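Please read this short report alongside the sequence and the 3D structure. It starts with the whole chain and then turns to selected parts.

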Amino acid sequence: MGNIAEEEKQQIPLLTPYKLGDFQLSHRIVLAPLTRQRSYDYIPQQHAALYYSQRATKGGLLLTEGTGVSDTAQGSCFNYLLTRSSAYEASCILPGFEQTSKLRHFQPNGEAPISSTDRGLTPLILPDGAVAAQFSPPRRLRTEEIPQIVKDFRLAARNAVKAGFDGVEIHGGHGFLIDQFMKDLVNDRTDEYGGSLQNWCRFALDVVEAVSNEIGAKRVGIRLSPYANYMESGDSNPGALSLYMAEALSQCGLLYCHVVEPRMKTIGDKSETQHSLVPMRNRFKGTFIVAGGYDREGGNEAVGENRADLVVYGRLFLANPDLPRRFELNAPLNKYVRETFYTSDPVVGYTDYPFLDEIA
């Protein structure tokens, strides 16, 4: 199958070019920062380079899986720190920086995971009543400890740029540490990081400011999930939280704001909701990226209706390393295999999904 004519591509919103800061993107299809757990002892392996190079396109944007900012930040010994490969130099690639905090089971010296609170997570129970996961009780960060965590993000950003990455994405969603500070249903602090919307968002904005000062705001993006309740980190008024962060981040001059759709309230498939990211999109003065259950039609509508500048794809991009080409040709998609999402196998469910020209 050959490429369609250039004039036809320009009628497909997802395939139109976009100027992202200093980066000229050739299309608007973004690889999601999927946690794949394929590193060993936090060390990136060659199969990780293969995974990202498979999904690289000239002028494409790749967001890597969660990358810990310090030795207390990893949620799994299969997550990784920093690497950059010449195999995907044609793409713009940003590591996603996270502090997993109370989700973490691998704290050094058996210490408690850090959090905005000392309230723990309830065990994960399967439908048959079996306990699927227990979570270590967290330790509430002392006020005087928070500047060190901010510094961890700043130094990690410096190291990422030194390693050859084009910038960094700060993970401020999905129940990780920044999200825990922002959400009033989990943040029960009484210091300057709790008690009001401004205070709940203070830690996130401290991190944004520090990282921006270190490597430049035009190299920094942030991911948020204001409507989600991942790992019991929910908010009583996500609409207000969304608009406050949109305004505050607009003043920071970030490269982009990447937001998870309200329909992705918990880990799993999308659900019905009356909420929309349009008010936040209208309030944020910069590149607005959306994620959460998009297919080809939905992504084209989001860009075509100006509800987003770029659209992030996770499971579809995992199962279809040539997803932009498949969208261009409106070709059939490989089906993803959920059971292999989080295995540690270096090939199965990771680098073995076929390209179009490999299918008989």
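The chain has eleven helices and 14 strands; helices (H or I, at least four residues) and strands (E, at least two) are DSSP runs, numbered from the N terminus. This is a predicted model, in which local features need pLDDT of at least 70 and side-chain atom pairs count only at pLDDT 80 or more, while totals for chains, interfaces and linings use all residues. Residues are numbered from 1 along each chain as its sequence is written, and side-chain values use heavy atoms, with hydrogens and water left out.

The table gives values for the chain as a whole. Buried means under 20% relative accessible area, with a 1.4 Å probe and protein chains only.

| Property of the chain | Value |
|---|---|
| Buried share of the 360 residues | 55% |
| Accessible surface | about 15300 Å² |
| Part of the accessible surface belonging to carbon and sulfur atoms | 51% |

Next comes a single residue. Ser 242 lies in helix α7 (residues 238-250). Ser 242 has a relative accessible area of 3%, so it is buried. Leaving aside residues up to four places away in sequence, Ser 242 touches Pro 226, Tyr 227 and Met 280; a contact means heavy atoms within 4.5 Å.

Helix α9 spans residues 296-304, and its buried residues include Gly 298, Gly 299 and Asn 300. Ala 302 and Val 303 are also buried. Part of the cover over the buried residues of α9 comes from β14 (310-313). At the start of α9, a side-chain oxygen of Asp 295 comes within 3.4 Å of the backbone nitrogen of Glu 297. Just after α9, Asn 306 has a positive phi of about 65°.

Methods: Buried < 20%, exposed > 50% of the residue type's maximum accessible area, 1.4 Å probe, protein only. Polar contact = N/O pair within 3.5 Å; in protein donor to acceptor, adjacent residues only side chain to side chain. Areas by Shrake-Rupley, 256 points an atom, 1.4 Å probe, with all protein chains shown as cover.
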